[in-house]
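Subject: The model for you to look at

Hi,

Here is the structure I wanted to pass on to you.

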Amino acid sequence: GWAFIQSSSVAFYLKRALFDWNYLLAFEIVIWLTTGAMIVLWLSELITEYGLGNGASLLIYTNIVSSLPGFVKQLARETNDTIPIGLWFVSAIIFFLALYGIVLLQE
């Protein structure tokens, strides 16, 4: 239900951004986004069912962690590669504390 409503609103929001938008394209966008949401929901249920932790939280955490290398690369590019070693050390400690907290909450 909610996946269909959200994907419909995304499809109609894209009407302003896409040049050749039509109702067939909107229908395809709704189908693909709804299908993707159902697959993610199914995967999170499988993760929870097999006892690997809370499936939804694990998928959200995976998404956040996968974006960290790009964030670090962008940070280095914007600061002209002059990040002090102390900042790298503090960032690594924060990352590992967050990882430890998530693992602790999963058990």
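This is a predicted model: local features need pLDDT of at least 70, side-chain atom pairs count only at pLDDT 80 or more; totals for chains, interfaces and linings use all residues.

A word on accessibility before anything else: buried means under 20% relative accessible area, exposed means over 50%, and partly exposed is in between (1.4 Å probe, protein chains only). With those cut-offs, Asn63 counts as exposed because its relative accessibility is 54%. You'll find Asn63 in helix H3; helices (H or I, at least four residues) and strands (E, at least two) are DSSP runs, numbered from the N terminus.

Residues are numbered from 1 along each chain as its sequence is written, and side-chain values use heavy atoms, with hydrogens and water left out.

**The core**

Which residues make up the largest nonpolar core? There are five: Ala11, Trp21, Ala26, Ile29 and Val30. Helix H2 gives the most to this core, with three residues. By nonpolar core I mean a set of buried Ala, Val, Leu, Ile, Met, Phe, Trp, Tyr and Cys residues joined through side-chain atoms within 4.5 Å. Ala11 is a handy place to start looking: leaving aside neighbours within four places in sequence, Ala11 is in contact with Trp21, Ala26, Ile29 and Val30. Contact here means heavy atoms within 4.5 Å. As background, in soluble globular proteins nonpolar side chains tend to be buried together.

Not counting residues up to four places away in sequence, Ser7 touches Val30, Leu33 and Thr34. Ser7 and Thr34 are 27 residues apart along the chain, with their C-alpha atoms separated by 6.3 Å. Ser7 counts as buried because its relative accessibility is 2%.

**The rings**

Trp21 also belongs to the aromatic story. The structure holds three aromatic pairs. One of them joins Phe12 and Trp21, a tilted pair with 5.5 Å centre to centre and 55° between the planes. The rule is that rings of Phe, Tyr and Trp (its six-membered ring) pair if their centres lie within 6.5 Å; planes under 30 degrees apart count as stacked, over 60 as edge-to-face and the rest as tilted. Ring pairs link Phe12, Trp21 and Tyr23 into a cluster. If you want a sense of distance, Trp21 and Asn63 are 42 residues apart in sequence and 30 Å apart in space, C-alpha to C-alpha.

**Along helix H2**

Helix H2 spans residues 23-49, and Ser44 sits in it. Ser44 counts as buried because its relative accessible area is 7%. Outside the four places on either side in sequence, Ser44 is in contact with Gly55, Ala56 and Leu59.

Trp42 is in helix H2 too, but Trp42 counts as exposed, with 53% relative accessibility. The C-alpha atoms of Trp42 and Trp32 are separated by 15 Å, and the two residues are 10 apart along the chain. Ala37, again in helix H2, is partly exposed at 32%. Between Ala37 and Ser57 there are 20 residues in sequence and 15 Å in space, C-alpha to C-alpha.

**A patch on the surface**

Last, the outside. Phe71, Val72, Leu75, Ile85 and Trp88 form a nonpolar patch on the surface, with about 480 Å² of accessible area together. Helix H3 (55-78) and helix H4 (85-106) are the elements that give two or more residues to it, and H3 supplies the largest share, three residues. Trp88 is in helix H4 and counts as partly exposed because its relative accessibility is 37%.

For the terms: patches are made of residues with over 30% relative accessible area and no salt bridge, with like charges joined within 9 Å and nonpolar side chains (Val, Leu, Ile, Met, Phe, Trp, Tyr) within 5 Å. A salt bridge is a side-chain nitrogen of Lys or Arg within 4 Å of a carboxyl oxygen of Asp or Glu. Accessible areas come from the Shrake-Rupley method with a 1.4 Å probe, and for residues only the protein chains shown count as cover.

Cheers
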